[in-house]
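Notebook open, model on screen.

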Amino acid sequence: METLLTTVLNAWHKAHGAKMVPFAGWEMPVQYQGILVEHQQCRTKAAIFDICHMGEFVLKGPGAKDALAKAVTHNLDTLGQSKCRYGFLPNENGGVEDDLIIYNLGPDHYMLVVNGACIASDFALLSARLPGSLSFENVSDQVAKIDLQGPASLDVLSRLLPGDWTKLGYFSCAKASFEGEDVLVSRTGYTGELGYEFYLPMAKAVAFWEKLVADPDVAPAGLGARDTLRLEIGYPLYGQDLDTVRTPAEAGYAAMLTSTADYVGKDKVGQVRERLVALALEGRRSARHHDKVALPSGEIVGVVTSGSFSPSLGHAIALAYVRADAAEASDFVVKAPKADLPAKRVELPFYKNGTARKKLG
């Protein structure tokens, strides 16, 4: 039996009634009060998520920017200090080894935030691509990550860490202090709502989490709600909507491939054989990962990668890779195990009332 890794908050989750499940090699909370309740909490007030399973790498030294630019798809020339950017760790064939956010912490000083299941493989791959003269450190076991998400997030943050947080823009970061320790605060989000991420020493994670939980606008949320929230916005989940075979362009991110650096797989990342499309289904019955997708004629043209009932919209939604020559069709049929589910192609995001990019200042 696989021995699951645990986050520093594991005991807290269990003591407070969380249902724990295996996820990417970790034992993680899937829900506390229930997925629908936690989903609504995040859309209307604020929810906190234990994201300590994610990995953090620190790269610094003369030439770090130019070296990193050859290893990832991110355009680092246009990434200013105290800014962060989403992008991909590509392979030679243009597929995605992982998706990650890169933080510019200063001249030739970067933090890379990667998926928990990919920490070891990403670090090995990047170490092989980066020159040995640079300092490249895996600090995942030292850094805790806690996410605060929801329309009330700014008020909660202002009560927790005093300061004028209205000046922190979307995909920006700033330093703060909690109980004498440095905290890096960023504003990116994975739910479509206004939100903040906190990177802090592992020893302070429980105290920080409990301070957040004590706020009247906050409740903890598990991976179940995190999944329905991110799907409503159309954000991809690595291992489902992104993989080592399909390219960033096929996943809908061609516009982000602006780097002029000669990075690994650059000649392949723009290939499009399939397209990731958004499907709205009738009723509550959800499409599931690996369900086949057909045209109304019956011809199989794709496969579902993510599917769920949308609590915010009241019907099921899905993401699916569809053959490029069929991806512009309006109507599809999801071949679920017990029934054919009619589906219509729609534009992302499914849920259009998110507060993530809200102007604050």
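I took helices (H or I, at least four residues) and strands (E, at least two) as DSSP runs, numbered from the N terminus. The model is predicted, so I kept local features to pLDDT of at least 70 and side-chain atom pairs to pLDDT 80 or more, while totals for chains, interfaces and linings use all residues. Residues count from 1 along each chain as its sequence is written, and side-chain values use heavy atoms, with hydrogens and water left out.

Backbone first. Ala24 sits in the loop between β2 (19-23) and β3 (26-31). Its phi is positive, about 55 degrees, although Ala24 is not a glycine. I have Ala24 as partly exposed because its relative accessibility is 38% (buried is under 20% relative accessible area, exposed over 50%, partly exposed in between; 1.4 Å probe, protein chains only).

His290, in the loop between β15 (274-281) and β16 (292-294), also has a positive phi, near 85 degrees. His290 counts as exposed, at 57%. I noted these since most residues other than glycine have a negative phi, and most peptide bonds are trans. The Leu348 to Pro349 peptide bond is cis, with omega near 0 degrees; Pro349 falls in the segment after β20 (340-346).

Next, the helix pair. I found Ile35, Glu38, His39, Cys42 and Arg43 of α2 meeting Gly224, Ala225, Thr228, Leu229, Glu232 and Ile233 of α7 (contact means heavy atoms within 4.5 Å).

Last, Gln149 in strand β10 (residues 143-149). Gln149 is buried, at 0% relative accessibility.
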